[in-house]
Amino acid sequence: MKPGEILFLSKNEVGKFIDQKEVLELTEKALSEFSLGNTINPSKLVLPTNPYHNGHINSMPSYMRFGDAAGVKVVSVYNDNPKKYGLPTTIGTILLFDPETGMPICIMDGTLITDLRTGAVSGVNAKYLAKKDSGSLAIVGAGVQGYTSMEMILRAKPGITEVVACDLSPERREEFIAKGHAEYPNVSFSGIEDHRTALRDTDIVVYATSADRPLLENGDPAEGVTVITVCELLTRKSVGMFDHWYTDFAECALERYNDGGKQSAEARGLAWDDLTMDLVRGETGDVITGKLPGRTNNREKILAGAVGVSVEDVICAELVYKKAIDQGYGRILDLEDL
Ligand SMILES: NC(=O)c1ccc[n+]([C@@H]2O[C@H](COP(=O)([O-])OP(=O)(O)OC[C@H]3O[C@@H](n4cnc5c(N)ncnc54)[C@H](O)[C@@H]3O)[C@@H](O)[C@H]2O)c1
């Protein structure tokens, strides 16, 4: 490709060049590179479209030395999309750049990569922080990120034989169970009404809902449980129920949890008390690289919250781009007419 040309890759094309196994490995690699300081990854910038529309659009840039890759993911989260328009809640677009010249080189669907890498972060958290003998998994919020979290945890943490799904919508819960039955015949699937049951009875619990209020703080986590959140509005009360709280990106997580939590509390006429850095035990990447020990016994209650790190997206997008170029896939558009 000559300077000014960009490769355009649709979701189907992206899907040809990346699979679950690769995303799981690359996500772990991205988090460890982030921990080792080999990345430039500012906190995400959030554009809320409320009160005019019900959603937000996040801008997530990063550069990583591994692969010499630079890019930006833009991700929209519109919770009404499935019901109102039959569209996904979470929609991503990824732009890649030549890090030497800054010229754009690729625009690709980022929805598939977002879904898979969000699940992969749950898988990595389960691998490093859940009890060794974990056999049961609960997914609270049986939507897209809930399903990929389940898939990646089953892959990263062998030994899970039981999955329970919990969702406000009985239809989504049943769809999740039916799909799970068909795709994982060796795992038993069932549904529960109340997420608090999962906190008592299940080894690993993932919160992946689109709820606009905190759920976890109403529960009572059992000894040894590992709770992984990809979206839950964490509060001081919920964090305080655990022995340790890990997050993928501490600075960004505090910004996101405090902004989202405050907004949600104000809407319900409640006071908000900010989460602070002293509450965070450390980052997931620090456990992967051995800077922090992770779980040390079967009694600890561990909370692992993920808000997403751009390098997870860019590392996957770079692989897709290189494979597509090698195999002559995608459409080349002349953007700059140089
Ligand atoms: N951490 C990350 O990197 C990351 C990445 C992508 C998306 N997300 C977040 O994940 C969340 C889910 O995204 P998605 O694409 O899976 O959406 P989705 O619409 O496919 O799934 C969300 C599910 O949550 C259910 N739900 C809502 N309120 C609930 C409640 N109170 N109890 C139980 N279930 C409830 C909905 O019925 C729906 O099935 C979004 O809020 C998004 O911001 C996080």
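Trainee: Before we start, when does a residue count as near a molecule here?

Mentor: A residue is near a molecule if one of its heavy atoms lies within 4 Å of it. Keep in mind that this is a predicted model.

Trainee: Fine. How many residues surround the ligand?

Mentor: 24 residues surround the ligand. Thr89, Thr90, Arg117, Gln145 and Asp167 are the closest.

Trainee: What is the make-up of that shell by class?

Mentor: The shell has 11 nonpolar, 10 polar and 3 charged residues.

Trainee: Which helix gives the largest share of the shell?

Mentor: That is α4, with 3 residues. α4 spans 111-129, and α5 spans 144-156. Each of the two supplies at least two residues of the shell.

Trainee: Let's get to atoms. Which part of Gln145 lies 2.8 Å from a ligand oxygen, backbone or side chain?

Mentor: Backbone. An N or O atom of the Gln145 backbone lies at that distance from an oxygen atom of the ligand.

Trainee: And Asp167? What is the distance there?

Mentor: 2.6 Å, between an N or O atom in the Asp167 side chain and a ligand oxygen. Arg172 also comes in through its side chain: an N or O atom there is 3.1 Å from an oxygen atom of the ligand.

Trainee: How much of the ligand's accessible area does the protein cover?

Mentor: 87% of it. On its own, the ligand has 860 Å² of accessible area.

Trainee: Switching to domains. How is the chain divided?

Mentor: Domain 1 is 5-113 + 311-334, and domain 2 is 120-309. Their centres, taken over C-alpha atoms, are 23 Å apart. The contact takes 23 residues from domain 1 and 30 residues from domain 2.

Trainee: Where does the ligand lie relative to the two domains?

Mentor: Between them, because domain 1 and domain 2 both give residues to its shell.

Trainee: What area is buried between the domains?

Mentor: About 2200 Å², and carbon and sulfur atoms give 60% of that. On the domain 1 side, Gln20, Leu24 and Glu28 supply 27% of the area buried against domain 2.

Terms used:
Residues numbered from 1 in each chain as written. Predicted model: local features only at pLDDT ≥ 70, side-chain atom pairs only at ≥ 80, totals over all residues. Heavy atoms only, no water. Polar contact = N/O pair within 3.5 Å; in protein donor to acceptor, adjacent residues only side chain to side chain. Areas by Shrake-Rupley, 256 points an atom, 1.4 Å probe, with all protein chains shown as cover. Helix = DSSP H or I, 4+ residues; strand = E, 2+ residues; numbered from the N terminus. Nonpolar A, V, L, I, M, F, W, Y, C, P; charged D, E, K, R; others polar. Domains from an automatic or database assignment. Contact = heavy atoms within 4.5 Å. Buried area = accessible area lost by both parts, 1.4 Å probe.
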